[in-house]
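Please have a look at the sequence and the model before I start talking about the details.

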Amino acid sequence: MKLPRFDVPNHEQTLPVSGKVFKFRPYTVKEEKILMMGVQSEDVADKVNAVNQIVSICSDVDIINNHPVDIEFAFLQIRSCSVSSAVEVNFEASKQACGLPPEDTRQCLGSWKAGFDIRDVTVENLKEAEKYAIRRGDNWVVMLDEKIGIELQIKSVNDAASALFDMVVSIIDDDSVYTKEDFNLSDFEEFIGSIPPYKLVPLNKFIDAVPYTKAVINTICPTCKKQFTYETSGVVNFLV
């Protein structure tokens, strides 16, 4: 006899960095095991790999050609609709940081359960990036002067030496547009090498304005009732 299968709802959201609309669904109990293995590992690479697998399986987000923040954001949305928007974490504070007066013989715990809501997670530095570049669909355009600009796709890259070339979509020269089919890495390096350093300032500032996810944890020591506020960034931190 065939047992019934649960239908899982599909959702849509907009990725914060690329601006793409993506589709996603909750992960199942079977898929949750991937995540649990990542959580239990002490290797950060295993945790990141678990997140990437969940995003690949449960959404149409391209984990290769999207910014890590977009992948983190997608994972948090998937986690929210799969389990809950509430995330529980272990909060640690030194006993010296707590607020018991010297004459009090009690001891603060040093560690207790705290949490945050996924709906309150923010993406920082997007406004900073927009100071130096203009969104064009899924990409960003940095103008080096009135006519010449570089169109970029902000994504995760493996090789720092060719990172900028990997992100480049096209070179704009007034009304002319040169796509990756028109030039290779050597051509691009020669192009970059011909630019006066001051003209690269907006490009450098745009790349330095790295977006990141941020969650604020507000918690109170169960013993001394002192309030603590802690900021955490990066999806891997949300898993430990």
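Predicted model: local features only at pLDDT ≥ 70, side-chain atom pairs only at ≥ 80, totals over all residues.

Residues are numbered from 1 along each chain as its sequence is written, and side-chain values use heavy atoms, with hydrogens and water left out.

The pLDDT is the predictor's confidence in each residue, from 0 to 100, and the chain averages 87, with 94% of the residues scoring at least 70. Confidence is highest in strand 2 (residues 21-24), at 95, and lowest in helix 8 (residues 235-239), at a mean of 67. When I say helix or strand, I mean DSSP runs numbered from the N terminus, with H or I over at least four residues for helices and E over at least two for strands.

Let me turn to the helices. Two packed helices are described by the angle between their axes and the distance between the axes. The axes are lines fitted to C-alpha atoms, for helices over the stretch in contact, and the angles run from 0 to 180 degrees between N-to-C directions.

How do helix 1 and helix 2 lie, parallel or antiparallel to each other? Helix 1 (residues 29-40) packs with helix 2 (residues 44-58) at an angle of about 165°, and their axes are 7 Å apart. The two are therefore roughly antiparallel, where the terms are roughly parallel under 35 degrees, roughly antiparallel over 145, roughly perpendicular from 65 to 115, and oblique for the rest. Contact here means heavy atoms within 4.5 Å, and among the residues that make it are Ile 34 and Leu 35 of helix 1 and Ala 50 and Ile 54 of helix 2. By class, this contact has 7 nonpolar, 2 polar and 3 charged residues, where Ala, Val, Leu, Ile, Met, Phe, Trp, Tyr, Cys and Pro count as nonpolar, Asp, Glu, Lys and Arg as charged, and the others, Gly among them, as polar.

Helix 2 also packs with helix 3 (residues 68-82), at an angle of about 70° and with the axes 9 Å apart, which makes helix 2 roughly perpendicular to helix 3.

Now for the sheets. Two strands pair if DSSP finds at least two bridges between them. An open sheet of 5 strands has the order 6-7-8-9-10, with antiparallel pairing, and its edge strands, strand 6 (134-136) and strand 10 (176-179), each pair on one side only. The twist averages 25° from one strand to the next. Within this sheet, 5 bridges join strand 8 (residues 148-152) to strand 9 (residues 168-173), and Gly 149 stands opposite Ile 172 in strand 9.

There is also an open sheet of 3 strands, with the order 5-11-12 and antiparallel pairing. Strand 11 (residues 212-220) pairs with strand 12 over 7 bridges, with Val 216 opposite Glu 231 and Ile 217 opposite Tyr 230. The hairpin of these two strands has 6 residues between them, and there Lys 225 takes a positive phi near 70°.
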